[in-house]
Structure formats: C-alpha cells, structure tokens
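Me: I would like to learn how to read the features of a model like the one below. Could we go through them one at a time, with the general idea ahead of the particular case?

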Amino acid sequence: MAEQAQFEELARQLSAVGAVKRDLARILPHECPAGSAAVLTLLGRHGSMRMSKLAELLAVDMSVTSRHVAHVAERGWIERSSDPADKRSRILHLTPAGEATLQDLSRRSTELLTERLSDWSDEEVGQLIRLMTRLRASFGDCRATAPHPRPAAEPTPAPGSAKAAAGSALASAARAPTPVLEAPVLEPTTRTPA
C-alpha cells in the first residue's frame, strides 16, 4: 500500500486535473457548452438511453440533465422518442447532426491532446489511460463500463506521429469521441457556512 505522503501528493495532482478539463472546455464551440458536449459524448459512447440513465452517467440531477437535453435537442443534435416499454418515458438518440457535432468535438479534443502530449511516448499515454481507467473503476464510476460499439470516424494517422500516439491510446481505451468530456466541467462554487 502507498504511503500517506503519496496519497497526499495524489490528491494535489488530481485537484490540478481541473486545469486540463478547463483547457478542454475552452476548445468547445460556443453553441456546445460542456454539459451539451457531455450529453453527446455519453449518447455516442453508450447508445440510446432514457433520461434517467443519462442523469446517472452525468452524475447530476434530472433538472440539470433536462436543461442539457433541451439545449442539444433545440440544435437538432438529438431526438427524443417514446419508450415502447413505458410511454411516459423518452428515449434519447443522436441524430446525424449530433454525430457530426460529436465528430467535431472529438477532432478538437484529439488535436489539443496531440499538441499538449507531443513529447509523450505511446507507452506513456497508454499507461496514463490504463491508470486513469483503473482509478475510475476503484471509485465505482458507472461510466467506466464498456462503450457502445462505434465505427472509426477518421482515417488512421501515420505511425510514429504525435497524432498517432495520442489517438491510438485514446482509441484503445474507449472507441468513443471526446473521452475527457464525459462529465460537465463545472466551475467551483463557494459555499457559505450555515
């Protein structure tokens, strides 16, 4: 087992991951804030689902999920259809426009990661993915489950290129675009003592 000092340093490093998520959020198109990107990413990764499942995967309440869903539905990126098993429930599906937006988000995040991790080897990127996947599983993250199968969106980059290093490691971890944006990037709030 790791020593106390290692866990303290790990806690510091994990809190700094917010800077990475903020940089990823900055590359999102204006019309697709982080919450919307998360909805598209999860539907792309897991396939069609009920709103309650989406709220669980987003780890936010239904009112927040409803706002995100309304935003992406207004833009034509998803459709809401009746659930044949329960007519009161709705099933959310990506539209072709949603797929195209998701591919754009994937391209943007891949380009940023390729740029920022250009001095990392394939092995180092792969090791980071494996360790982060294991960390999420240790915390019982329901999003760490197997993704919905998806076809590759882009041709394979040349072996040995920086894009190949970041892209191949990301693709081997999960065949879904924008893996880093599965949860909305929320700004920290300050709480006043009760």
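Me: What joins the side chains of Arg107 and Glu111?

Reply: A salt bridge is defined as a side-chain nitrogen of Lys or Arg within 4 Å of a carboxyl oxygen of Asp or Glu, and the side chains of Arg107 and Glu111 meet in one at 3.2 Å, N to O. Both residues lie in helix α5, 4 residues apart, about one turn of the helix, where helices (H or I, at least four residues) and strands (E, at least two) are DSSP runs numbered from the N terminus. Please keep in mind that this is a predicted model, in which local features need pLDDT of at least 70 and side-chain atom pairs count only at pLDDT 80 or more, while totals for chains, interfaces and linings use all residues. Residues are numbered from 1 along each chain as its sequence is written, and side-chain values use heavy atoms, with hydrogens and water left out.

Me: Are Arg107 and Glu111 buried or exposed, or something in between?

Reply: Buried means under 20% relative accessible area, exposed over 50%, and partly exposed in between, with a 1.4 Å probe and protein chains only. Arg107 is partly exposed at 30%, and Glu111 is partly exposed at 39%.

Me: How is the largest nonpolar core to be read, and which residues have the most contacts inside it?

Reply: In soluble globular proteins, nonpolar side chains tend to be buried together. A nonpolar core is here a set of buried Ala, Val, Leu, Ile, Met, Phe, Trp, Tyr and Cys residues joined through side-chain atoms within 4.5 Å. The largest such core has 24 residues, and those with the most contacts inside it are Leu40, Leu43, Leu54, Leu58, Ile78 and Leu92. At least two core residues each come from α2 (34-46), α3, α4 (62-74), β3 (86-94) and α5, with α2 giving the largest share, 7 residues. If contact means heavy atoms within 4.5 Å, and residues up to four places away in sequence are not counted, the residues that Ile78 touches include Leu40, Leu43, Val69 and Leu92.

Me: What span does α5 have, and what is expected of it?

Reply: The expected span of a helix is 1.5 Å times one less than its number of residues. With 21 residues, α5 reaches 30 Å from its first C-alpha to its last, close to the expected 30 Å. Its buried residues include Leu102, Leu105, Leu112 and Leu113.
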